[in-house]
Amino acid sequence: MTLHRSEFSSDDLSVIISDLLVATADASDALVDGSVAEVLSLLRERLSMDVVFVSQFVDGRRVFRFVDAGRAASPVQVGDSDPLEQSFCKFVVEGRLPQAIPDMAALPPVDGLPQPPMRIGAHLSTPIVLKDGTVYGTLCCFSSSPNPALQQRELTQLRHCAQLVARKLELAAREPERPGAAEWTLQPLQR
């Protein structure tokens, strides 16, 4: 499945995500694998965000497993990590920070919220929850500028993408003997 960016609207993105969720329900293949990274990149573009990333919570750290910033330089890289306690991700998972923040400057003060190392104007984040209820990490995107267009619809798209990522992770863990499954990672597609 090759996605042509100019051929669909943001409504179509929801359909593509739904189709991929159905496709990953029982099996995985190279077309689905590549499409997951493409969908995350498209999500970043459609939401007008600077960076999209998938983080994993490992031993008290937030590890970046996928990062896409388009052609711009990203402030975080795949494999980077930082203390989970010092991340917005932990605050979102614990419910101390909203999942959708169109304008960080308009957010009421949040006790203990860490200062990010880069300017964040808008932020969307949702947990990646596996079938057994384990929180793998988060799917997040942010921009340096506020984005008043971010509403429930955009958060719903992000949540659907998080479900897609969770299913892909579960399939890869369940079928490591299948050629190509174990080494698949959420790497951005080369443009």
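**Reading aromatic contacts in a predicted model**

Mentor: In this predicted model, R96 lies over the face of F91, at 3.9 Å from the ring centre.

Trainee: How many helices and strands does the protein have?

Mentor: The protein has 4 helices and 6 strands. Read from the N terminus, the elements follow the order α-α-β-β-β-α-β-β-β-α.

Trainee: What describes a pair of aromatic rings?

Mentor: Such a pair is described by the distance of the centres and the angle of the planes. In this protein the count comes to 2 aromatic pairs. The ring centres of F53 and F64 are 4.9 Å apart and the planes stand at 70 degrees, so this pair is edge-to-face.

Trainee: Where in the chain do F53 and F64 lie?

Mentor: F53 belongs to strand β1 (residues 51-58) and F64 to strand β2 (residues 61-68), 11 residues apart.

Trainee: Is F53 buried or exposed?

Mentor: Residue F53 has 3% relative accessibility and therefore counts as buried, the cut-off being under 20%. F64, at 3%, also counts as buried.

Trainee: Which aromatic pair do F53 and F142 form?

Mentor: F53 and F142 form an edge-to-face pair, with 6.4 Å centre to centre and 65 degrees between the planes. This pair links F53 in strand β1 with F142 in strand β6 (residues 135-143), 89 residues apart. F142 is buried, at a relative accessible area of 6%. Together, F53, F64 and F142 form one aromatic cluster.

Trainee: What share of the 191 residues is buried?

Mentor: Buried residues make up 47% of the 191 residues. Of the contacts between residues at least 6 apart in sequence, 60% join residues at least 24 apart.

Terms used
Residues numbered from 1 in each chain as written. Predicted model: local features only at pLDDT ≥ 70, side-chain atom pairs only at ≥ 80, totals over all residues. Heavy atoms only, no water. Helix = DSSP H or I, 4+ residues; strand = E, 2+ residues; numbered from the N terminus. Buried < 20%, exposed > 50% of the residue type's maximum accessible area, 1.4 Å probe, protein only. Contact = heavy atoms within 4.5 Å. Phe/Tyr/Trp six-rings, centres within 6.5 Å; stacked < 30°, edge-to-face > 60°. Lys NZ or Arg CZ within 6 Å of the ring centre and 35° of its normal.
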